[in-house]
2 protein chains.
Amino acid sequence: MFEFNVIAQSSDSGARSGVIQTRHGTIETPVFMPVGTLGTVKSLSPEELVEAGAQIILGNTYHLYLRPGCDVIDRFDGLHRFIHWDRPILTDSGGFQVFSLAKLAKISREGVSFQSHIDGSRHLLTPEKAIEIQTCLGSDIIMCLDQCIQYPATKAQCREALETTTQWAQRCKQAWQETGNGSNTLFGIVQGGMFGDLRRRSADSLMDIDFKGYAVGGLSVGEPAQMMLEMADVTLPVLPEDKPRYIMGVGTPENLVELVARGADMFDCVLPTRNARNGQMFTQSGTINISNAQYRDDDGPIETGCRCYTCRNFSRAYLRHLYMARELLAYRLNTIHNVYFFIDFVKRMRRAIRSDGFESFRRDFYRRLDN
Amino acid sequence: MFEFNVIAQSSDSGARSGVIQTRHGTIETPVFMPVGTLGTVKSLSPEELVEAGAQIILGNTYHLYLRPGCDVIDRFDGLHRFIHWDRPILTDSGGFQVFSLAKLAKISREGVSFQSHIDGSRHLLTPEKAIEIQTCLGSDIIMCLDQCIQYPATKAQCREALETTTQWAQRCKQAWQETGNGSNTLFGIVQGGMFGDLRRRSADSLMDIDFKGYAVGGLSVGEPAQMMLEMADVTLPVLPEDKPRYIMGVGTPENLVELVARGADMFDCVLPTRNARNGQMFTQSGTINISNAQYRDDDGPIETGCRCYTCRNFSRAYLRHLYMARELLAYRLNTIHNVYFFIDFVKRMRRAIRSDGFESFRRDFYRRLDN
C-alpha cells in the first residue's frame, strides 16, 4: 500500500508539499527522517521520536542483517514490533554501507561480496537478497541495491557503477514483484557521480523500469555544496512530478532549504543525531557547541522559544555540565533538541509551501543565519 | 522543615514503616534512593525517575563541588532547578569520595585536603565546608563529614577514624545551626569499622550531639554479608526509635530485606544503575545477564508481570541486541528496569509491613530466589 499526492506547489520555486500514504500511516512532505541505523535512533525512545514529531524513521539493511540478523527480527514479524515503533519505516538497501563500512567489497555479476565489519564473516549481497532482507524487516518503503562510489571518481568509474545500479534496479523490481508483497513500496536510486549527463541517464533508465518513488544517492559524499546542488538541479527536474523524490544522506539546514526549493520531498541524515553526541547543537541562527566555556552558568535554553523537551526543561549550563562529565543523559538531551530542530524546520517549510510563502521562509532563514 | 513518624511496626521483626516530611514533599519508608552522583541518575530523565516511583534521589557533594562547582548551581538556587527535579534530594558529605576517589587525601586537624581526580587541583574539605556546599546545593537532607576507612582495618585505625568522625559531626552540627537554614536537616553518620563496641560508641557520641536522623556508614566496603549484618545488629537497636535510620551504600535485594527486618528505613546504592550498564538485570528470581546468547530471539520481557516501561514495551531479544551493539538506549532501558525493580521491591516491603505481613514477604522472597 503506497500513495503519493502533491497538494501544494510553490509559485516561485520548485518547492512542493504532498502526502504519502503507507500501511503504517501518513507522511506529510517535505519530510525529514531520523536515522535509526540498528533499530534505534541513537539514544532516543520511540515515544521521544513521536514527541519530536518524527513521521517515519530509517533502518539500515546492512547493519540489521548482520546484527541481530533477519531470523531474530522475523520472530517479531518485522522491525516495527521488535523496536516498538508503529509509524512508517524506510530501509536502505545496504549498498552504501557495503561500499563504505564493510571490508573487501567485491562486485561480481551476481552482486557484491563483503566481509562484516564486526566479525569478518563473508557475505554476498545481491539485489534479490536486498529485497528479501527488507521484506523480512517489514519496512514500508524499501530501496533498490545500488553501487555507491567514492568522491572523486572518474567518469568511467561513475558510468560503470551507474550501469551496475541500473541492472540491479531491474532485478530488484523483478524480485519485489515476485514477493507479491503489497504492503511495501520499492524506490529506485539515481547514481551517476558528479556528472550531469550520467545523472540524467540513470534517472531515465530507472523511469523506464518504473518505480513508485525515486531517490538520489551518492550526494553529500565530500563534494562542495555547490556541486551537490548542481547534481540536484539536473536530476530533480527529470524525475516524474507525481512521484516522491528522496535525497539520501543530506544534509545541513541550508542543504534542505535549497533542495526543497528544487522540488525534493524526502531527506534523511545523521547530522542532527551524530552532531548532538559531539555537543553541536542546531539553532535558527546557526550551530553552537555546548562544551563552550561561555555556557558554564548560562541559565537559558539551547534556543529561546524552542518547544522541545530539552529546551523546555534544561539550561545550557546543565547540558554543558552533563556533556563535560560525559553523562549518558547528555547525548539524549542533545539529540532530542537536534532531532526536534530538523523535524520542526522541515515542518515549517511544509507550512510555508502550503500557504505559498516558501520564498519568504527561505529569505527569512538566511537572514537569521546571518545574524 | 523535617519530620519523621513511624506509622507501622512489624510484630515479629524489627521492620517498620514511616513517613518523612520535607520541604520538597513526603517520603514513605522504607525507601530506596537512586544515586544521582553528578546531578543525574545515570541515563535517566527526571520524568523516568518519577515514573519508576522514585521519592528522593541522592547527589554527591564531592562530585558536584568539583564539577560544575557551587557557583554554577547557586545561580539556579540549588540542585533542584539545575537538574529539573522537584522531589527531595539527599546529599552525602563527600567523605566517602574524598577517601576512595580523590588522590592523596591527608587528614589534618582542620579537615581533609585532597587532589581532584579530574584535574589534580588541591582542595580542603572541612566539616564547615561540607555544610556550606550542601547548603548551596539546596538538599533536603544533608550529611555530616565523616572519615571513611578501608576494609580490613585495625581496631586502632577504626578508633581513630571514629573519633575524627565524632569531632567533625560536632563541628557540622555547629556549622549547620549557624546557617540558620530551617529548610534542610542534618544526619549524623555512625562509623567504627567492623567492631561492635566501636559502632556502639560512635552511635552514642552522635546521639549526644543529637541529630534528626542517623546513618550507618562504612558498610558494604568488601566485608562478608554476615559481618555487615552483625554490624547492623549491634548498631540499629541503639539508635533512637523516633529517628530515621539510613544504611549508606547498601545493597542487594537480600541485604535490603535483612536490613529492613532489623529496623533500617533508608537505603541508597549504585547497584541497580551500575549493573544495568553492565547488562545485569534484577528479577524476583535472581539476576540475569542480558548479553547471554539464550536471549537472542526471546520475545518475552525481562520479567513477566513487571510494570516498568522497559518490560511493558521491549523484549529480551531487543534489549540484548541494543546491549551487544553498545547502543545508548540499552543503558537507559536496562536502568529503567533495575531502578523500578529496587523501588518496587522496597515499596512491596513497605506495604507488607503496613499490613503486618513482613515475615511472610521475607519468606516468599527467599522462596522465589531459590526457584
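A:L104 is found in strand 7 (residues 103-107) of chain A. Helices (H or I, at least four residues) and strands (E, at least two) are DSSP runs, numbered from the N terminus. A:L104 is not a glycine, yet has a positive phi of about 50°. The model is predicted, so local features need pLDDT of at least 70 and side-chain atom pairs count only at pLDDT 80 or more, while totals for chains, interfaces and linings use all residues. Residues are numbered from 1 along each chain as its sequence is written, chains are lettered from A and ligands numbered from 1 in the order in which they are written, and side-chain values use heavy atoms, with hydrogens and water left out.

Strand 7 was also examined in chain B. There, strand 7 (residues 103-107) pairs with strand 8 (residues 112-115) in the antiparallel sense, over three bridges. Two strands pair if DSSP finds at least two bridges between them. Strand 7 and strand 8 of chain B form a hairpin, with four residues between them. B:K103 stands opposite B:Q115 in strand 8 of chain B.

Two cis peptide bonds are described in chain A. One runs from A:T29 to A:P30, with omega near 0°. A:P30 sits in the loop between strand 3 and strand 4 (31-33) of chain A. Another runs from A:Y151 to A:P152, with omega near -5°. A:P152 lies in the loop between strand 10 (141-143) and helix 7 of chain A.

In chain A, three strands form an open sheet in the order 1-2-3, with antiparallel pairing. Strand 1 (2-9) and strand 3 of chain A are the edge strands, and each pairs on one side only. The twist averages 15° from one strand to the next. Strand 1 and strand 2 (residues 16-22) of chain A run antiparallel and are joined by seven bridges. A:F2 stands opposite A:T22 in strand 2 of chain A.

Helix 14 of chain A lies across strand 1, strand 2 and strand 3 of chain A. Helix 14 runs at about 115° to strand 2 of chain A. Axes are lines fitted to C-alpha atoms, for helices over the stretch in contact, and angles run from 0 to 180 degrees between N-to-C directions. Contact means heavy atoms within 4.5 Å.

A salt bridge is a side-chain nitrogen of Lys or Arg within 4 Å of a carboxyl oxygen of Asp or Glu. Over all chains, the structure holds 42 salt bridges. One of these joins the side chains of A:E28 and A:R354 (2.5 Å, N to O). A:E28 lies in strand 3 (residues 25-29) of chain A and A:R354 in helix 14 (residues 328-354) of chain A, so the pair ties together parts that are 326 residues apart in sequence.

An open sheet of eight strands is found in chain B. The order is 4-14-13-12-11-10-6-5, and the pairing is parallel. Strand 4 (31-33) and strand 5 (57-60) of chain B stand at the edges with a single partner strand each, so one side of each is left without a neighbour in the sheet. Neighbouring strands of this sheet are turned by 25° against each other on average, direction ignored. Strand 5 and strand 6 (residues 89-92) of chain B run parallel and are joined by four bridges. B:N60 stands opposite B:D92 in strand 6 of chain B. Helix 8 (residues 196-209) of chain B packs on the sheet and touches strand 11 (185-190) and strand 12 (213-216) of chain B. The direction of helix 8 makes about 155° with that of strand 11 of chain B.

In chain A, helix 7 (residues 155-179) and helix 8 (residues 196-209) pack at an angle of about 10°, with their axes 10 Å apart. Helix 7 and helix 8 of chain A are therefore roughly parallel to each other. Angles under 35 degrees count as roughly parallel, over 145 as roughly antiparallel, 65 to 115 as roughly perpendicular and the rest as oblique. Residues of helix 7 in this contact include A:C158, A:L162 and A:K173. Those of helix 8 include A:D197, A:R201 and A:I209.

A rotation of 180° with 0.0 Å of shift along its axis superposes chain A on chain B (RMSD 0.0 Å). The two copies are thus related as by a two-fold rotation axis. The same surface serves both copies, as 100% of the contact residues of chain A recur in chain B. Copies are superposed by least squares on the C-alpha atoms of residues with pLDDT of at least 70 in both. Of the residues of chain A, A:L328 comes closest to the rotation axis, at 3.7 Å (C-alpha).
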